[in-house]
Amino acid sequence: MAWEVTRTVRVRLDVPDDRKSDLHATNSKFQYCANRTADWAWRYPDEDCVTSKSEAEDAIYDDLREETDGLHANLVQKAIKRATDDIDSCVDRLADGENTSKPEYDTFSIVYDKRAATYYRDKVSLATVNGRVECEYDLPDDPGRTPHGEYLLNDSYPFSTSTVHYDSEADEFYLHAVMERELDVDSPEKAEDSKVLGVDCNVNDHIAVTSTGRFIGNADYLNHHRREFEKRRASLQQTGTRSAHLTFQRIGDRFGRWSEDYLHQCSKAIIEEARLHGCTHIAFEKLERIRERISDGKKFQQWAFNALQMMVEYKAEEYGIVVDAVKPQYTSQQCSKCGCTLEENRDDQHFECRDCGYAANADYNAAKNVARKLALKLQRGQKSPTGGAFCQYALKSGVMTVNATEVASDTPVSVERESTDKPTPLGVGS
Ligand SMILES: [Zn+2]
């Protein structure tokens with residue numbers, strides 16, 4: 001069984017001075033394609049929006065190619081994909097009754113896969129509207145255990161589709177290199193004796209809740225800080241003076257560091273919990289569900305969840321703990337005790353099973369489902385002919401073993417071994 005491990009490494013690009021304008025011109029045309037696609041595909045509220053990349057390509061790819069003479073064919077496709085992907089998440093939000101509007105593209109960000117870029121360990125060759133440009137990476141003198149040394153320079157991490165960004169303050173270009181590696185964990189000691197910690201992430205209340213009943217971080221506190229920061233930023237932006245501009249940047253940096261530090265604390269608590277229970281795996285939900293739940297400040301939330309999961313992955317590696325994501329369907333509606341799946345089971349923060357009457361904090365119930373999903377997935381990956389594999393997931397008072405019958409039918413567990421199954425809030429910094 002193989003897990004995909006993804007790392008994003010940010011590295012400054014050494015762009016020759018006389019080629020910077022080519023990258024800017026490329027970005028303008030890329031943005032143009034993304035905006036044109038959004039204009040075409042966005043049909044709310046009169047009609048359904050187009051969320052299919054191939055449908056958009058069939059309709060406007062040829063026009064866009066003509067209108068952006070010199071832009072690499074693959075970049076046109078990537079711009080179309082970016083817009084249809086974004087519209088797809090907008091449609092999710094509209095379905096959830098949330099406010100959203102047509103995506104607009106005005107910041108520098110170009111998506112490069114291996115057709116429009118050639119990635120090397122020390123440089124990248126990027127397609128521009130004026131031929132290719134080769135940019136060396138600005139690497140630390142001693143990359144060692146930095147992300148550059150561990151991933152960018154590590155041949156076992158191939159490059160995946162990455163993005164190029166521009167920092168206008170510093171007049172510098174950056175590559176956000178996405179490195180993907182298949183991690184083989186089919187070794188018996190990892191798959192047979194696996195024990196999973198499930199984690200449910202949230203935009204309100206606690207940031208993360210584990211299957212062992214640990215409540216981590218405070219999302220409301222994080223959101224409150226962000227709103228305060230946005231307010232100050234808005235008032236400084238109105239002032240418009242140079243000193244206001246400098247303050248604007250400074251509080252931006254400070255907020256960035258503060259929130260990153262806060263999430264670090266949360267990721268540490270998750271790792272602590274996994275180690276405390278001797279877990280071999282940590283399970284998260286795939287981010288798409290979280291994306292659907294996000295309304296206000298969606299970009300920030302998305303960033304925060306992503307950052308938290310990456311921090312956990314990074315730290316988990318040190319302890320040989322594998323981090324994996326499971327499909328999010330029904331984790332919030334399903335009873336972790338009897339498996340009954342009903343929308344009515346969940347009422348905001350409260351979960352109460354209509355079938356067996358099991359009642360718990362809704363996120364805690366979800367975290368247990370997340371853990372079981374990964375345990376089932378691990379079990380299925382077993383090739384043991386005797387079916388003697390044990391995949392367990394950690395609970396507040398002990399573990400739950402997923403057995404072969406349950407695996408075969410994917411029906412949920414019917415026996416709960418917990419006795420003192422009441423969550424105790426243990427918050428980071430609260
Ligand atoms: Zn139940």
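Phenylalanine 255 is buried in the predicted model, with a relative accessible area of 11%, where buried denotes under 20% relative accessible area, exposed over 50% and partly exposed the range in between (1.4 Å probe, protein chains only). Phenylalanine 229 is likewise buried, at 10%. The two residues form a stacked aromatic pair, with 4.6 Å centre to centre and 5° between the planes; rings of Phe, Tyr and Trp (its six-membered ring) pair if their centres lie within 6.5 Å, and planes under 30 degrees apart count as stacked, over 60 as edge-to-face and the rest as tilted. Because phenylalanine 229 belongs to helix α6 (residues 219-239) and phenylalanine 255 to helix α7 (residues 242-276), the pair ties together parts that are 26 residues apart in sequence. Helices are DSSP runs (H or I, at least four residues), as are strands (E, at least two), numbered from the N terminus.

A stacked pair is also formed by tryptophan 258 and tyrosine 262, at 5.5 Å centre to centre and 15° between the planes. These residues are 4 apart in helix α7 and therefore separated by about one helical turn. Tryptophan 258 is partly exposed, at 25% relative accessibility, whereas tyrosine 262 is buried, at 8%. Ring pairs join Tyr221, Phe229, Phe255, Trp258 and Tyr262 into a cluster. In total, 11 aromatic pairs are counted.

The model is predicted, so local features require pLDDT of at least 70 and side-chain atom pairs pLDDT 80 or more, while totals for chains, interfaces and linings use all residues. Residues are numbered from 1 along each chain as its sequence is written, and side-chain values use heavy atoms, with hydrogens and water left out.

The zinc ion is coordinated by the SG atoms of Cys335, Cys338, Cys353 and Cys356, at 2.3 to 2.4 Å; donors are N, O and S atoms within 2.8 Å of the metal (3.2 Å for Na, K and Ca). The arrangement is tetrahedral because the 4 donor atoms subtend angles of 105 to 114°, the criterion for four donors being that all angles lie between 85 and 135 degrees. In sequence, the donor residues follow the spacing C-x2-C-x14-C-x2-C. Cysteine 335 is buried, at 0% relative accessible area, whereas cysteine 356 is partly exposed, at 39%.

The largest nonpolar core comprises 48 residues, of which Leu13, Tyr112, Leu126 and Tyr137 touch the most other members. Such a core is a set of buried Ala, Val, Leu, Ile, Met, Phe, Trp, Tyr and Cys residues joined through side-chain atoms within 4.5 Å. Helix α3 (residues 73-95) gives the most to this core, with 7 residues.

How values were computed. Tetrahedral: all angles 85-135°; square planar, octahedral: opposite > 155°, others 65-115°.
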